[in-house]
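Open your viewer and get the selection tool ready.

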Amino acid sequence: MIVKVADSIISPLGCSTEENYRAVKEGKSALRQYQWPDLPEPFVASLINDGERDDDHTTTRFETLVIQVIQNLIPQLSFDLSSPRVIFILSTTKGNVDLLEKNNQKDATCSAYPGDTAKKIAEHFGNPNRPIVVSNACISGLCAQIAAVRAMESGRYDYAVVVGADVQSRFIISGFQSFKALSPSPCKPFDADRQGLNLGEAAAAIVYQRVENVQPGQWVAGKGAICNDANHISGPSRTGEGSYRALRTVLEDADMEKIAFVNVHGTATMYNDEMESIAIERVGLIDKPINSLKGYFGHTLGAAGILEVILSMRAIEDHTVLATRGFESLGVSRPVKVSAEHRTTDKDCFVKLLSGFGGCNAAMLFKRAGGVHVTSQVTISPEEVILNGEKLQTTAQGGALLTELYREHINDYPKFFKMDELSKLGFVASELLLQSINDRHMDSSDRAIILFNRTGSLCNDRKYQTTISDIDNFFPSPSLFVYTLPNIVTGEIAIRNKYYGETSFYVIDHDDPELIRETAENALRQGTVNSVICGWLDCEDQDHFMARMEIIEKQ
């Protein structure tokens, strides 16, 4: 499986993923009008303000931006970027193209050749591998992520650093002006009054890792597809053929019910938005919300497919479908669900869609692994009881404490007094947990019980041993013998609540909260339950014990 382990964004709206997401959530846009002296027309764009830069002849503005966004990743990483198991993939449409201008003088290490630029960046971080540059028009960012997944699935690499960036120049802006594709005002994706796109600057980086097991909450890179519409090098198919085929491919094995939204290209050009609406309807996603982020950042070219994926991931984590800034009234022929307001969602998947010159189209599915949350926690020692962070008022200690807790908080299950000490401890702890959330899941298979300790059932084993140690006083007790298995406590809790789900008991040499939580989370991921009572439950004797238990549930 390929999972995301780090990300970073630098744009006019912020220098981190969180800053950028917060700005978008607040409805901010960096789009404004510029008038460059060497261009005949003003243009609206989202440009990074570099401030006063030193006259650095060894790195270009593009290279500096890429290096900085990668640098921002390092605190999030558990591996060294110089490892031969790491591949660098750069997504850019034009890279250092501004070096072609006569007045842009740099030293020999600055090259207009994209491959040279990528090599320079990889070497800056000590990486020994030959980096790959993806230059596939506007779909480059998704193509780079698809290439990363393929490279890791081959087994040659364990990690991929995927960076997308472009900076605006006279070269790029004049090209879009030649197509009359630029809007004189902030863009309005899918709107009836849309007039074209705005350009933008950004660098976005995402790191993927190849893993055997996915942890709850991690983002999994799903199926990706790149399809040509075989129609025209600068005009999208009127039937959305390329986007439709790409979407159809990535959705073949997908659970459509879990898809929160489609983050589309949404450039606000007349034909692109129409084409995407047709493809979305053809593939059966017409009832899903769609959104475009171009109204916040403009079209960031090689960065778009990475920046927009990162922000879409962050939105799902925030249970949000981000608004399409600039949208007011629908201006495409298909009834796609675009909104000018943020909406809520409880789903954990999204689809990213892009298209570009040359007839290229790309789509990719992203899924967040089911997360867990703790609904209740309790710790019981011989001296005190802490329930959900608050100390309970008690007077007794040791074995008498458990009896006090039973009488004060339960007192409706006389079988308690027949239990061994381990079962009494687990029973009381589970009752306090369940009462605190007022959700017993009675008569259900939906809740598991998974407990760990060090001593097994030795506390009661010793008691039973005394009943058979003297041949002249041999009186084995079935009521003691039945408690000489540590898992009996899980049975007592299950019987009390009529739980028909998994009950398991494990013995290890010391308390290991991380292992315990991982075991419980694995049961949530791989089993049929949505909730687990889990934790550490150890009892040396009547007066020496420890319970540290919690209830965790799927989000």
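Predicted model: local features only at pLDDT ≥ 70, side-chain atom pairs only at ≥ 80, totals over all residues.

Residues are numbered from 1 along each chain as its sequence is written, and side-chain values use heavy atoms, with hydrogens and water left out.

**Stop 1: the cores.** Select Val162, Ile206, Tyr208, Leu311, Met313, Phe350 and Phe366, which touch the most other members of the largest nonpolar core, a set of 51 residues. Such a core consists of buried Ala, Val, Leu, Ile, Met, Phe, Trp, Tyr and Cys residues joined through side-chain atoms within 4.5 Å. Buried means under 20% relative accessible area, exposed over 50%, and partly exposed in between (1.4 Å probe, protein chains only). Another core of 38 residues lies apart from it, with Leu425, Ala429, Leu432 and Leu537 among them.

**Stop 2: rings around Phe350.** Rings of Phe, Tyr and Trp (its six-membered ring) pair if their centres lie within 6.5 Å; planes under 30 degrees apart are stacked, over 60 edge-to-face, and the rest tilted. By this rule there are 15 aromatic pairs. Show Trp219 with Phe350: the centres are 5.7 Å apart and the planes at 70°, so this pair is edge-to-face. Trp219 belongs to strand 9 (residues 219-228) and Phe350 to strand 15 (residues 349-356), so the pair ties together parts 131 residues apart in sequence. Strands (E, at least two residues) and helices (H or I, at least four) are DSSP runs, numbered from the N terminus.

Is Phe350 buried or exposed? Phe350 counts as buried, at 0% relative accessibility.

**Stop 3: a charge over a ring.** Select Arg282 and Tyr244, where the charged end of Arg282 sits over the ring, 3.9 Å from its centre. The rule asks for NZ of Lys or CZ of Arg within 6 Å of the ring centre and within 35 degrees of the ring normal.

**Stop 4: the cavity lining.** Finish with Val66, Ile70, Phe88, Ile89, Leu90, Ala118, Ile121, Ala122, Pro131, Ile132, Val161 and Val163, which line the largest cavity. A cavity is a set of points on a 1 Å grid over the protein atoms alone where a 1.4 Å probe fits but cannot get out, and lining residues have an atom within 4 Å of a point.

Conventions
1 Å grid on protein atoms, 1.4 Å probe; cavity = no way out; pocket = protein on both sides within 12 Å on 5 of 7 lines; lining within 4 Å.
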